[in-house]
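I will go from the whole chain down to single residues.

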Amino acid sequence: MNPIGQGAALLAAAIHVVFFVLESVRFMQPDTYRRFFVQSQADAELLRPIFFNQGFYNLFLAIGAVAGVVALNTGHVDAGRALIVLACGSMALAGIILLITDRRFLRSGLIQAIPPLVAIAFVFA
């Protein structure tokens with residue numbers, strides 16, 4: 001896998017770590033929950049467990065992408081490719097679903113989907 005694909009996989013992982021921080025660590029801060037169109041502290045309290053869980057999903061996908069790049073660079077090419085395709089494929093599909101579900105998340109969906117799609121495009125290059 002060429003450096004462009006590896007860089008895209010690592011960028012996708014970094015973006016998903018940021019999502020983890022926003023959703024699992026900082027969600028209850030008003031400036032953060034309002035990014036997700038949550039209007040009140042009461043609504044944020046209700047949604048907190050869901051966002052906490054969702055943040056960890058994003059973290060685990062990031063770990064998978066990083067593990068794939070590490071595997072590629074330590075001689076485990078097939079395992080690395082498999083991890084990258086699984087993690088980045090999940091990231092890209094989640095971004096596409098976000099785009100389809102709610103157009104208010106257009107920017108977030110594109111940020112979530114484009115880097116992993118680039119990584120997948122270069123996985124066998």
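**Overall shape**

I began with the radius of gyration. A compact globule of 125 residues would come out near 14 Å, and the chain has 15 Å, so the two agree. I noted that this is a predicted model.

Next I looked up the box around the C-alpha atoms. Along the principal axes it is roughly 50 × 25 × 15 Å.

Then I went through the secondary structure. I found five helices and zero strands. Read along the sequence, the pattern is α-α-α-α-α.

**Surface and contacts**

I looked up the accessible surface of the chain, which is about 7,000 Å². Carbon and sulfur atoms hold 70% of that surface. Of the 125 residues, 41% count as buried.

I also checked how far along the chain the contacts reach. Taking contacts with a separation of 6 or more, 60% join residues 24 or more positions apart.

**The cores**

Which residues touch the most other members of the largest nonpolar core? I listed Met1, Ala9, Ala65, Ile84, Cys88, Met91 and Ala119, out of 15 residues in that core. Helix H1 (3-25), helix H3 (41-73) and helix H4 (77-101) each give two or more residues to this core.

I noted a second, separate core as well. It has eight residues, among them Leu22, Phe27, Met28 and Phe36.

I went back to Met91 and left aside its neighbours within four places in sequence. Met91 is then in contact with Ala12, Ala13, His16, Leu61, Ala62, Ala65, Gln112 and Pro116.

**Val69**

I picked Val69, which lies in helix H3. Is Val69 buried or exposed? Its relative accessibility is 7%, and the cut-off for buried is under 20%, so Val69 counts as buried.

What does Val69 touch, neighbours within four places left aside? I found Gln6, Ala9, Leu10 and Ile84. Val69 and Ala9 are 60 residues apart along the chain, yet their C-alpha atoms are separated by 7.5 Å.

**The nonpolar patch**

I found a nonpolar surface patch of about 400 Å², made by Ile4, Leu106, Leu110, Ile114 and Val118. Which helix gives the most to the patch? Helix H5 (residues 106-121) does, with four residues.

I looked at Leu110 in helix H5. Leu110 counts as partly exposed because its relative accessibility is 36%. That class sits between under 20% for buried and over 50% for exposed.

Note on methods: Residues are numbered from 1 along each chain as its sequence is written. This is a predicted model: local features need pLDDT of at least 70, side-chain atom pairs count only at pLDDT 80 or more; totals for chains, interfaces and linings use all residues. Side-chain values use heavy atoms; hydrogens and water are left out. A nonpolar core is a set of buried Ala, Val, Leu, Ile, Met, Phe, Trp, Tyr and Cys residues joined through side-chain atoms within 4.5 Å. Buried means under 20% relative accessible area, exposed over 50%, partly exposed in between (1.4 Å probe, protein chains only). Contact means heavy atoms within 4.5 Å. Patches are made of residues with over 30% relative accessible area and no salt bridge: like charges are joined within 9 Å, nonpolar side chains (Val, Leu, Ile, Met, Phe, Trp, Tyr) within 5 Å. Accessible areas come from the Shrake-Rupley method with a 1.4 Å probe; for residues, only the protein chains shown count as cover. A salt bridge is a side-chain nitrogen of Lys or Arg within 4 Å of a carboxyl oxygen of Asp or Glu. The radius of gyration is taken over C-alpha atoms; the globule rule is 2.2 Å times the number of residues to the power 0.38.
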